[in-house]
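Let us walk through this structure step by step. Begin with the fold, then turn to the charged pairs and the surface.

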Amino acid sequence: MSVHDDLTTVQRCLDDLSRSVGRLEQQLGTRGLEMRRVRADADHLRESVALLRESASGPTAPKVPQKQQLLTIPDTPYDDSLWIDTDDEGLGARDRHAP
């Protein structure tokens, strides 16, 4: 089956679910938290499948990443004031000894 066929099948099942939930609402009423939750979940499923259908019908060609600009990093040493009050990884602070 193709994706389009699968999505159509899912849509039909959701339509059946919506009709069944409607019948349950008529029998049980819409005031209970459980019934409202079932209705909300069914509506969310319907919205999710609609979004999935939109994304599946979009362009099928893979997106080509845009060319990124290169950032040149100078070879000159960093300013030593950047490292004041820092710890060396695995060694701790400069004025203390490693364990």
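The protein has two helices and two strands. This is a predicted model. From the N terminus, the order of elements is α-α-β-β. Of the 99 residues, 10% count as buried.

Take the helices next. Helix α1 covers residues 3-28, and it packs against α2 at an angle of about 165°. The two axes lie 10 Å apart. Because angles over 145 degrees count as roughly antiparallel, α1 is roughly antiparallel to α2. Their crossing is left-handed.

Now the charges. Side chains of opposite charge can pair when their charged atoms come close. The count here is four salt bridges. One of them joins R46 and D15, at 3.0 Å from N to O. This pair links distant parts of the chain, with R46 in helix α2 and D15 in helix α1, 31 residues apart. R46 is partly exposed at 27% relative accessibility. D15 is partly exposed too, at 26%.

Other bridges stay within a helix. R19 and D16 meet at 2.2 Å, N to O. Both lie in helix α1, three residues apart, about one turn of the helix. In helix α2, D43 and R39 are four residues apart. Their closest N and O atoms are 3.9 Å apart. Shared partners join E25, R39 and D43 into one salt-bridge network.

Finally, look at the surface. Which residues form a nonpolar patch there? They are L71, I73, Y78, L82 and W83, with about 630 Å² of accessible area together. L71 sits in the loop between α2 (33-56) and β1 (87-88). L71 counts as exposed because its relative accessibility is 75%, and the cut-off is over 50%.

Note on methods:
Residues are numbered from 1 along each chain as its sequence is written. This is a predicted model: local features need pLDDT of at least 70, side-chain atom pairs count only at pLDDT 80 or more; totals for chains, interfaces and linings use all residues. Side-chain values use heavy atoms; hydrogens and water are left out. Patches are made of residues with over 30% relative accessible area and no salt bridge: like charges are joined within 9 Å, nonpolar side chains (Val, Leu, Ile, Met, Phe, Trp, Tyr) within 5 Å. Accessible areas come from the Shrake-Rupley method with a 1.4 Å probe; for residues, only the protein chains shown count as cover. A salt bridge is a side-chain nitrogen of Lys or Arg within 4 Å of a carboxyl oxygen of Asp or Glu. Buried means under 20% relative accessible area, exposed over 50%, partly exposed in between (1.4 Å probe, protein chains only). Axes are lines fitted to C-alpha atoms, for helices over the stretch in contact, and angles run from 0 to 180 degrees between N-to-C directions. Angles under 35 degrees count as roughly parallel, over 145 as roughly antiparallel, 65 to 115 as roughly perpendicular and the rest as oblique. A crossing is left-handed if the near helix is turned anticlockwise from the far one by less than a right angle, and right-handed if clockwise.
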